[in-house]
Amino acid sequence: MALRLDRRGFLVGTAGTAVAASLPRMARAQGKPVKIGLLTVKTGPLASGGIQMEQGTIRFLKDRNYALAGRKVELLVGDTGGNPAGTKTKIQELVERDGVDMIFGPLAAFELLAITDYAAQAKMPILSLAAAEDMTQRKPNPYFVRASATSSQTMHPLADYAAKEMKLKRVITIADDFAFGHEQMAGFQRVFEDAGGRVVKKLWPPLVTPDYTPYIAQISGADAVVQGFAGSNPLKFMKQYQDQGIKLPVLGGSTAGDEALLKSYGDEAVGMISCSAYTGDLDTPSNKRLIDGMVKDYGNIPGLYSAGLYINGQVAEAALEKTGGKTDDREAFIRALRAVSLTDTPRGPFTFDRLGNVVGTFYVRRCERKGDKLVNTTIKAYPKVSQFWTYDEKWFLSQPVYSRDYPPLKS
Amino acid sequence: MTRLPLALGFVVLATLPLWMPGTYYVNIASQILFYAIFALGVNVLAGYAGLVSLGHAGLFGIAAYAGGKAITAGYGHSVVAVIALAATLVTAAVFAVLALRGTGLGFVMITVALGQIVWGVAYRWISITNGDNGITITGRPMPFGLSLASPRSFYWATLVVFLAALASMTVFVASPFGASVQGTRDQPRRMNALGYHVWMIRFLAFLFSGFWSGVAGLLYLYYNQFVSPQVVALTASAEALLMVISGGTATLLGPIVGAALVVVMKNVASAYIERWNFVLGAIFVVIVVFMPDGLVPGTVRLARWARSSLLGG
């Protein structure tokens with residue numbers, strides 16, 4: 001057994017080292033392709049988002065004929081299986097064997113956290129949409145760029161809208177019991193309570209649960225419900241919410257109102273207010289190109305994940321153009337990545353802050369029925385939203401990271 | 001007869017990083033080794049003692065978590081190893097006391113439950129385990145001043161531990177204790193009648209098994225420099241059991257072959273085949289149908305049959 005692996009490894013590996021050894025001697029800017037490694041999830045419960053990530057990346061590269069800044073682009077896809085150890089092995093494969101120039105992905109926060117130290121050591125630029133707060137806050141990685149949002153970055157404007165425009169006073173939050181859910185709801189709570197509202201109850205159903213009924217039964221004594229489910233859970237929750245006949249308005253985060261879910265929602269989603277970094281009705285040339293391309297190639301409108309990776313592609317392209325297509329000087333390349341400022345993207349204009357996190361427009365939308373389809377209609381856009389919202393950065397970072405118990409509920 | 005292949009195998013393993021091109025494959029080899037240690041540990045119970053445990057990822061994970069906590073608390077690496085292994089042994093003892101109230105299906109169910117408790121703690125006791133964001137550690141230990149930061153040196157360190165594990169298994173199997181463990185598997189009542197303390201023999205086997213699972217967990221922690229609740233999930237326990245069963249229970253080589261099979265399929269094959277889960281499943285079905293006692297005994301049987309039919313025919 002060991003011998004067989006070795007022989008196979010020998011063949012593939014020889015090719016790999018031959019390429020690696022020839023790198024410094026050759027003028028890379030012309031002949032060598034730019035290698036982009038995509039870490040995504042193609043098997044297991046997270047696969048639907050992961051496959052959309054791959055589709056968004058491929059869609060972008062097709063738009064550019066697989067060439068960026070005069071260099072050909074080669075895409076290498078690694079399936080992490082949605083677990084941290086798998087992610088670690090896959091990034092090693094992409095970095096050490098395939099010699100990629102940058103990494104797109106991974107999807108989940110725990111996957112990203114498992115590889116961040118390794119990537120920093122290898123000086124490997126990562127363009128991810130995993131939302132873990134501390135990646136661009138208390139434990140920053142200098143080679144990390146996030147063009148999507150932190151978990152709470154979408155919830156801050158949503159809370160502002162809920163308190164100031166919808167005049168809500170008391171809400172109940174409900175979200176998956178894992179870090180992304182905790183961070184989202186903590187962000188909502190801080191801004192909502194600072195604007196005079198009250199979060200009266202926070203419910204945390206387990207990530208994998210067949211039935212939300214016992215949790216929905218606890219919803220009473222509030223003006224609205226804020227849900228922060230991810231994956232396919234928002235569908236399940238909204239259906240059961242409607243079945244139990246609760247009439248309170250529902251607000252949701254980026255994953256709850258994601259465009260990619262709209263085709264699976266029924267009337268239960270009509271009226272839901274959600275906030276996201278990406279909205280399908282944004283009128284920019286690149287968004288139109290993305291939507292047309294996705295419908296043509298895959299028969300689906302793009303959502304958060306495919307748009308997020310399309311935008312990552314645009315960020316990489318802009319940085320490559322600035323460095324003249326060179327990626328060998330990693331410091332220069334990451335500086336170029338973080339200095340990227342774009343206006344025509346599927347999510348509108350954005351820049352990066354000093355920690356590599358996006359400062360851009362966030363959209364509050366209402367879900368409406370148009371003909372036989374559900375659409376999200378933008379009702380308010382918050383421009384230039386930073387991960388710190390309107391708070392002072394120093395103060396924000398001196399507070400504990402958002403979690404299940406922080407900020408605590410006021411009794 | 002058997003000396004030559006053994007020596008050859010040793011030379012291949014020891015020199016592997018020298019001729020293996022690319023650190024990626026050296027890292028895969030390190031993973032095979034520490035998963036093989038884990039599988040060897042599981043095999044003590046599942047194979048020799050006839051007690052199928054579906055909670056061993058809990059022990060593996062306890063070592064990784066205890067090690068991770070000790071490192072973040074600032075202890076030196078030798079102290080960390082002691083703390084991690086002590087924590088594993090204590091947990092294994094508690095597991096054993098509870099699980100050994102039953103055998104067969106009862107034992108399986110109790111170990112499942114115990115493993116799930118560890119998972120629940122890892123996932124939900126966020127103030128200690130950091131929930132599903134996991135614990136990240138920086139740096140690997142430096143035994144005798146040798147840095148293990150590079151894939152090669154880590155591989156050799158893992159190999160040393162692996163050989164120690166293999167040696168201890170060889171001694172265990174040949175020892176009177178090993179024989180008595182197998183006796184409690186085959187004829188517990190007769191062993192009892194002969195004056196053996198069946199419960200105590202099983203308890204000690206559980207500790208022995210838990211110890212090597214903990215060692216593997218610690219190596220896992222140092223390899224990944226990260227531990228999260230996925231490590232202690234039920235699927236991780238099942239995977240370890242699959243390694244043992246596919247390779248061959250109650251054999252020394254079986255768990256090693258099984259570990260290699262699973263790690264290679266997971267990491268190498270998944271790069272070429274999108275539905276690698278399916279392929280892995282199909283391979284297990286083939287093994288169960290054609291070599292129900294596992295790859296190693298099956299291959300030996302096949303070789304013997306081939307030889308006798310060649311010579312006899």
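1. A:Tyr66 counts as partly exposed because its relative accessibility is 29%; here buried means under 20% relative accessible area, exposed over 50%, and partly exposed in between, with a 1.4 Å probe and protein chains only. A:Tyr66 sits in the loop between α2 (47–63) and β2 (67–68) of chain A, and its phi is near 55°, a positive value in a residue other than glycine. Helices (H or I, at least four residues) and strands (E, at least two) are DSSP runs, numbered from the N terminus.

2. The model is predicted: local features need pLDDT of at least 70, side-chain atom pairs count only at pLDDT 80 or more, and totals for chains, interfaces and linings use all residues. Residues are numbered from 1 along each chain as its sequence is written, chains are lettered from A and ligands numbered from 1 in the order in which they are written, and side-chain values use heavy atoms, with hydrogens and water left out.

3. A:Lys167 also has a positive phi, of about 55°, although it is not a glycine. A:Lys167 belongs to the loop between α5 (155–164) and β7 (170–174) of chain A and is exposed, with a relative accessible area of 59%.

4. Two cis peptide bonds deserve a check in the model. One joins A:Gly105 and A:Pro106, with omega about 0°; A:Pro106 is in the loop between β4 (102–104) and α4 (109–121) of chain A. Another joins A:Tyr406 and A:Pro407, with omega about -5°, and A:Pro407 falls in the segment after α12 (393–398) of chain A.

5. Side chains of opposite charge can pair when their charged atoms come close. In one of them, the closest N and O atoms of A:Arg138 and A:Asp134 are 2.7 Å apart; A:Arg138 is partly exposed at 25% relative accessibility, whereas A:Asp134 is buried at 13%.

6. A:Asp267 and A:Arg369 form a salt bridge with an N to O distance of 2.8 Å. A:Asp267 lies in the loop between β10 (250–252) and β11 (273–276) of chain A and A:Arg369 in strand β13 (residues 358–370), so the pair ties together parts that are 102 residues apart in sequence. A network of salt bridges links A:Arg59, A:Lys62, A:Asp63, A:Arg289 and A:Asp297.

7. In chain B, B:Glu239 and B:Lys266 form a salt bridge, their closest N and O atoms being 3.0 Å apart. B:Glu239 is in helix α11 (residues 234–247) and B:Lys266 in helix α12 (residues 254–267), so this pair ties together parts that are 27 residues apart in sequence.

8. B:Asn224 is found in helix α10 (residues 198–224) of chain B and is buried, with a relative accessible area of 5%. Leaving aside neighbours within four places in sequence, B:Asn224 is in contact (heavy atoms within 4.5 Å) with A:Ala85, A:Lys88 and A:Ala114.

9. Chain B as a whole has 14 helices and 2 strands, and 51% of its 313 residues count as buried. The C-alpha atoms of chain B fill a box of roughly 65 × 55 × 40 Å along the principal axes. Of the contacts in chain B with a separation of 6 or more, 74% are between residues 24 or more positions apart.

Methods
Salt bridge = Lys/Arg side-chain N within 4 Å of Asp/Glu carboxyl O.
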